[in-house]
Amino acid sequence: VAQTDDGRWVSIYDGETEYVIGEEMHETARQSHGGGYYVYRTAREAAEVEYPKNSLAAHLPRRILRVECAGQYCVYANGKLAFSRLTPVEVLA
């Protein structure tokens, strides 16, 4: 995630989706990047991600959140996963 100047955590890609510790989020995961919340299995994998150039919050400082995921999910070839339910648990870095 990206950390805003006022301390919120938002999606690096859209700059709007906000992640709040302890608050479960819902969005149906669909293949071909059609929905869901994108995660990686390890903090190392997350730290090595290169985001698309059109990512709206790529200029902000990055943070890694530990999350709990559940529900329908999709697996992508690059190791990325998309889950339908996600709950941020803590800030790792």
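Residues are numbered from 1 along each chain as its sequence is written, and side-chain values use heavy atoms, with hydrogens and water left out. Because the model is predicted, local features need pLDDT of at least 70 and side-chain atom pairs count only at pLDDT 80 or more, whereas totals for chains, interfaces and linings use all residues.

Secondary structure was assigned from DSSP runs, numbered from the N terminus, with helices (H or I) requiring at least four residues and strands (E) at least two. Two strands are taken as paired if DSSP finds at least two bridges between them. In general, strands of a sheet pair through backbone hydrogen bonds, either parallel or antiparallel. In this model, three strands form an open sheet in the order β1-β2-β3, and the pairing is antiparallel. Strands β1 (2-3) and β3 (18-19) are the edge strands, each pairing on one side only. Strand β2 covers residues 9-10 and is joined to β1 by two bridges, the two strands running antiparallel. Residue A2 has V10 of β2 as its bridge partner.

Burial is expressed as relative accessible area (1.4 Å probe, protein chains only): buried means under 20%, exposed over 50%, and partly exposed in between. A nonpolar core is a set of buried Ala, Val, Leu, Ile, Met, Phe, Trp, Tyr and Cys residues joined through side-chain atoms within 4.5 Å. The largest such core has 10 residues in all, namely V1, W9, Y19, M25, Y37, V39, L65, L81, F83 and L86. A second, separate core consists of five residues, including A2, I12, A57 and L60. Contact is defined as heavy atoms within 4.5 Å.

Five salt bridges are found in a search of the whole structure, the criterion being a side-chain nitrogen of Lys or Arg within 4 Å of a carboxyl oxygen of Asp or Glu. One of them joins R8 to D6, with the closest N and O atoms 3.2 Å apart. Residue D6 is exposed, at 56% relative accessibility, while R8 is partly exposed at 33%. The side chain of R8 also meets that of E18 in a salt bridge, at 3.6 Å from N to O. Since E18 lies in strand β3 and R8 in the loop between β1 and β2, this pair ties together parts that are 10 residues apart in sequence. Residue E18 has a relative accessibility of 35% and therefore counts as partly exposed.

A further salt bridge links the side chains of E90 and R66, with an N to O distance of 2.8 Å. Here E90 belongs to strand β7 and R66 to strand β6 (residues 65-75), so the pair ties together parts that are 24 residues apart in sequence. Residue E90 is partly exposed at 34% relative accessibility, and R66 is partly exposed at 36%. Through salt bridges that share partners, D6, R8 and E18 are joined into one network.

Residue T87 also lies in strand β7. At 15% relative accessibility, T87 counts as buried. Apart from neighbours within four places in sequence, T87 is in contact with G22, E23, E24, R66, V67 and E68.

The loop between β1 and β2 contains G7, which is partly exposed at 31% relative accessibility. The C-alpha atoms of G7 and Y73 are separated by 29 Å, with the two residues 66 apart along the chain.

As a general rule, most residues other than glycine have a negative phi. Residue S32 has a positive phi, near 60°, and H33, likewise not a glycine, has a positive phi of about 60°. The loop between β4 (25-26) and β5 holds S32, and H33 is also placed in the loop between β4 and β5. Residue S32 is exposed, with a relative accessible area of 66%, whereas H33 is partly exposed at 46%.
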